[in-house]
Amino acid sequence: MEFDTQKQLVIVGGGPAGLAAAMEAFRNGIAPDDILIIERDRELGGILNQCIHAGFGLHMFGEELTGPEYSGRFIEEVKNAGVGYVTNSMVLSISDERIVTFVSPEMGFVRMKAGAVVICTGCRERTRGALNIPGTRPAGIYSAGTAQRYVNIEGFMPGKRVVILGSGDIGLIMARRMTLEGAKVLRVCELMPYSGGLARNIAQCLDDFDIPLYLSHTVTEIRGKERVEGVVISKVDENRRPIPGTEEYVECDTLLLSVGLIPENELAKLAGIELDRITGGAVVNQYNETTVKGIFACGNALHVHDLVDFVTREAYTAGRSAAKFIKDGGFEVATGEIICKTSGGVRYTVPQKLIKSVTVPEELKFYMRVDNIYKNVKLELHAGGETLKSVKKRSVAPGEMESLTLGAAECAKLYSLGVNELEITLLHSEEEAK
Amino acid sequence: MKKNLTCIVCPIGCRLEVTLDDNGKVVDVAGNTCKRGHDYAMTEFTDPRRTLTTTVRLTGSDSDSFLPVRTSAPIPKPKLFEAMKKVNTLEANAPVKVGDVICADFIEDGINLIACKNIDQGDSHDNSKR
């Protein structure tokens, strides 16, 4: 395939993942003018620009920053290092030969051959269409993130009397934000019997303002012709089906949906990258390399994170790996793969597989999510009939990402076993059964 | 008397059990995994405080109409809405740097309202470029 120009490293997306990946590649020897970050929005920083609340950076910086402060630190780093970036620019496709096609006001229509590509495209919100809520189609229905952008960046209030469906962190944060800006948040409804958000956000976003949380409830009808006039809320059974007779009509002018995030991977699909059915992101190895050579993925495009600090760490791995790939022309001759399987309530793990590199890694880090709330469990990594790692957990929940780290000795052990698969599982205790 | 409380200091969100004496004074905190959690529980019953994050109107920028701001320290929880009213009367001017004081002694002496974003002055507002 033809191309017009070349760069060693192209990073798709200038949010927290893209910024960190770029800086880490720079620190690992890639010239700053041979890196190009392509950002779709008018500025760098990604979704953090609209996340004006505090709570970011506890792991990375040991202090609680707001979203713009957190991304601001990385934007400064990128600018000071002279790393290349373009804004208002949209990547149209990535080929399996790493030709990135994009349009940009300054550069026009460009086909750029990249030594390596890092996909940092983040995620999208699920919409009303994905939920199939019956009723009319009036104005006043927003995804929570859209409302967040209106309020925090554009300066518009989406409504005055608000019902929020979904108790993920964005929904909770928006309940507080809308309340502070003068709206009445009537209730937050959650389909599941537990909230998907952090416990502290229930406390400081709902309890602080006496906003009721209705667990095992959902919106079963939207009413209103031009504008939302109200919603019908029903209790659901253990199979998440609405229970007839429990309907309650709530008058409101706005419905916010905070019902899940989906990694954005249209570009990854075009490149022929294999996606994980559960995460919605790419299948990657320990280098964060996808199934297409030299194309890497990290951040919310890979799997949806709770904390940006972990996005940054993951992006460092991707950036470092991309630099290594560029300099060495790939990774050491592999002697096969180890497939990472999950069981016992662990839904997925990232990475999904390991390349058996010639050199034994110093450290291997796995991220995973569970499918339910479990108490007093052990998170374990098994291979070849042996337990390589076991960590006690007082409580695990789907809303909170877990991780397991293998140190140098454990990595050496894993490699010496000569296995082709490992398993990450939850060991349930008798105590839990009670 | 014992009361349950979710710690809001960090994302772990420890479940705290606080023991109060007859005067409503905290005499014991259990369930915390760090010192900051202990301190949070001690003040939550006597002087609950929250860091306020919001936006103020911004002039002088081509790109941004609002500036994200926060209080430099937590302010009394009952004063959050009073603080929001005051915020709505304020205006900031680009250029601004993270940490710039937008309003000194905001709500309480020694606590400032500070900028959370670096925003350049817009070309159309910069007289030297006209």
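The legends below accompany close-up views of a predicted model of a complex containing chains A and B.

**View 1. The predicted complex and its confidence scores.**
For the complex as a whole, the predictor gives an ipTM of 0.92 together with a pTM of 0.93. Within this predicted model, chain B has an average pLDDT of 91, and 96% of its residues score at least 70.

**View 2. The contact between chain A and chain B.**
Chain A brings 23 residues to this contact, and chain B brings 23 residues as well. On the side of chain A that touches chain B, at least two residues each are supplied by β3 (54-56), α3 (67-81), α5 (144-154) and α7 (199-206) of chain A. Of the contributors to this side of chain A, α7(A) gives the most, with five residues. Sorted by class, the side of chain A that touches chain B is made up of 11 nonpolar, seven polar and five charged residues.

**View 3**

**View 4. Strand β17 of chain A and its parallel partners.**
Strand β17 (residues 254-257) of chain A points Thr254(A) and Leu256(A) one way and Leu255(A) and Leu257(A) the other way, and all of these residues are buried. Strand β10 (residues 141-143) of chain A runs parallel to β17(A) and is joined to it by three bridges, with Ser143(A) having Leu257(A) as its bridge partner. Strand β11 (residues 161-165) of chain A also pairs with β17(A) in the parallel sense, here over four bridges, and Leu165(A) stands opposite Leu257(A).

**View 5. The surroundings of Asp33 of chain A.**
Asp33(A) is located in the loop between α1 (16-27) and β2 (35-38) of chain A. Because Asp33(A) has 11 C-beta neighbours inside 10 Å, where the cut-off for an exposed residue is 12 or fewer, it counts as exposed. When residues up to four places away in sequence are left out, Asp33(A) touches Gly82(A) and Gly84(A). Lys7(A), which is 26 residues from Asp33(A) in sequence, lies 8.4 Å from it in space, C-alpha to C-alpha.

**View 6. Helix α1 of chain B and its buried face.**
Helix α1 (residues 35-44) of chain B contains the buried residues Gly37(B), Tyr40(B), Ala41(B) and Glu44(B). Seen down the axis of α1(B), these buried residues fall within an arc of 95 degrees, so they line one face of the helix. The elements that cover the buried residues of α1(B) include β1 (2-6), β2 (15-20) and β3 (26-30) of chain B, whereas the face turned away from the buried side carries the exposed residues Lys35(B) and Thr43(B).

**View 7. The domains of chain B.**
The domain assignment of chain B gives domain 1 (2-46) and domain 2 (53-129). Between the C-alpha centres of domain 1 of chain B and domain 2 of chain B, the separation is 32 Å.

Methods:
Residues numbered from 1 in each chain as written. Chains lettered and ligands numbered in written order. Predicted model: local features only at pLDDT ≥ 70, side-chain atom pairs only at ≥ 80, totals over all residues. Contact = placed C-beta atoms within 7 Å. Nonpolar A, V, L, I, M, F, W, Y, C, P; charged D, E, K, R; others polar. Buried ≥ 20, exposed ≤ 12 C-beta atoms within 10 Å, placed from the backbone. Arc of directions from axis to C-beta. pLDDT = per-residue confidence, 0-100. Pairing = 2+ DSSP bridges. Domains from an automatic or database assignment.
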